[in-house]
Amino acid sequence: GRLPLLRYASILVALRSVRASSASAFDNSRAGPVKAVLFDFDGSLVQSEEVHRLSFSKVLETDALDPDTWYTKCVGKRPLMILDEWRKPDGPTAEELHEKLKADHMDRYDEVVATVGHEALLQDLRKANVRTAIVSSGTRHYISRVLANLGMDDRFELIIAGDDADVTQHKPHPQPYLLAAERMELQPGQCIAIEDSPAGITSALRAGMRVIAVRNPANCNDPILEDPGVVAVVDDFHGLDRAVIACAPAVASAGSGSQGHSTSSSSS
């Protein structure tokens, strides 16, 4: 009989030696028409990294998390991991700091803004009957609150959050994206992920999904953007050629803030 999607993918991941700079498990021969777009949250659907950086710096009582350090060493990681890596050895535990972080975040939710062009993109996806979901390392409470603040709490049929009990592996592991595809009863090749961090891009590629990358300081010089599974690189959603999402295979047009990649070649 057919193996369940997550079990089958776990076997593939265990057998496949994947380099961080060429992480793709995307197979163009398995790609079909796009049925769903799966949005990462921070840095992709919303622009929140400076809000997070200031909050973590306050809770950790450190000046070490300057913008460059934040983007290169923290973006894409779970909050508990960041707290554990940067906390003082003789200070509060990561779990204790996390409670303080959640309280500080609540005072900053209004500072999080949606990525430019989000409303037009969501409308276009709805008109094309392309389903939408969120796959994030952030907590469910945080994601839900920010979506409500931005008037987007009814726009996504599914949220996979970093603190969900059934998320046992985190980005760059493919499990979060595979879990989303399984919940939506879709194959990975029918999904496109919108991601910004190298860890998140790697996660989606390893799941066998195509990726639209949102350019930022965390990824702008990373060779992962040249992976064949990365079908477009954009600065915001106004710069996204809708042909990338409406049909497959497709080529994103150069210009308008978008760097096009063909989906015509599969990775090894």
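# Notes on strands, loops and a cavity

Student: Leucine 60, buried or exposed?

Tutor: Leucine 60 counts as buried because its relative accessibility is 5%, and buried means under 20% relative accessible area, with exposed over 50% and partly exposed in between (1.4 Å probe, protein chains only). This is a predicted model, in which local features need pLDDT of at least 70, side-chain atom pairs count only at pLDDT 80 or more, and totals for chains, interfaces and linings use all residues. Residues are numbered from 1 along each chain as its sequence is written, and side-chain values use heavy atoms, leaving out hydrogens and water.

Student: Ok. Which helix is leucine 60 found in?

Tutor: Leucine 60 belongs to helix α2, residues 49-60. Helices (H or I, at least four residues) and strands (E, at least two) are DSSP runs, numbered from the N terminus.

Student: Is glutamate 61 buried or exposed?

Tutor: Glutamate 61 is exposed, because its relative accessible area is 60%.

Student: What about phi at glutamate 185?

Tutor: Glutamate 185 also has a positive phi, about 55 degrees, although it is not a glycine. The residue lies in the loop between α8 and β6. With a relative accessible area of 73%, glutamate 185 is exposed.

Student: Back to helix α3. Threonine 69, how far in space from alanine 218?

Tutor: Their C-alpha atoms are 9.5 Å apart, while the sequence separation is 149 residues. Threonine 69 lies in helix α3 and is buried at 13% relative accessible area.

Student: Which way do the residues of β7 point?

Tutor: Arg210, Ile212 and Val214 point one way, Val211 and Ala213 the other, and all are buried. In a regular strand, side chains alternate between the two faces of the sheet.

Student: Which strands pair with β7, starting with β6?

Tutor: Strand β6 (residues 191-195) pairs with β7 in the parallel sense over four bridges; two strands pair if DSSP finds at least two bridges between them. Strand β8 (residues 230-234) also pairs with β7 in the parallel sense, over four bridges. Alanine 213 stands opposite glutamate 195, and it stands opposite valine 233 in β8 as well.

Student: What do β6, α9 and β7 make?

Tutor: β6, helix α9 (residues 198-206) and β7 form a right-handed β-α-β unit. Right-handed means that, with the strands pointing away from the viewer, the path from the first strand over the helix to the second runs clockwise. β4, helix α7 (residues 140-149) and β5 make a right-handed unit too.

Student: How many residues of β4 are buried?

Tutor: Four of the five residues of β4 (131-135) are buried, so to speak mostly covered. β4 runs parallel to β1 (residues 36-39), joined by four bridges, with alanine 36 opposite arginine 131. β4 also pairs with β5 (residues 158-160) in the parallel sense over three bridges, where isoleucine 134 has isoleucine 159 as its bridge partner.

Student: Where is the cis peptide bond?

Tutor: The cis bond joins lysine 171 and proline 172, with omega about 20 degrees. Proline 172 is in the loop between β5 and α8 (175-183).

Student: Cavities: how many of 30 Å³ or more?

Tutor: The structure holds one, and about 30 Å³ of space lies in the largest cavity. A cavity is a set of points, on a 1 Å grid over the protein atoms alone, where a 1.4 Å probe fits but cannot get out; lining residues have an atom within 4 Å of a point. Grid points are joined across faces, edges and corners, and the volume is the space filled by probe spheres set on the points.

Student: Which residues line the largest cavity?

Tutor: Its lining is Ser136, Ser137, Ala161, Gly162, Val167, His170, Lys171 and Pro176. By class that gives three nonpolar, four polar and one charged residues. Ala, Val, Leu, Ile, Met, Phe, Trp, Tyr, Cys and Pro count as nonpolar, Asp, Glu, Lys and Arg as charged, and the others, Gly among them, as polar.

Conventions:
On a 1 Å grid over the protein atoms alone, a cavity is a set of points where a 1.4 Å probe fits but cannot get out, and a pocket is an open set with protein on both sides within 12 Å along at least five of seven lines; lining residues have an atom within 4 Å of a point.
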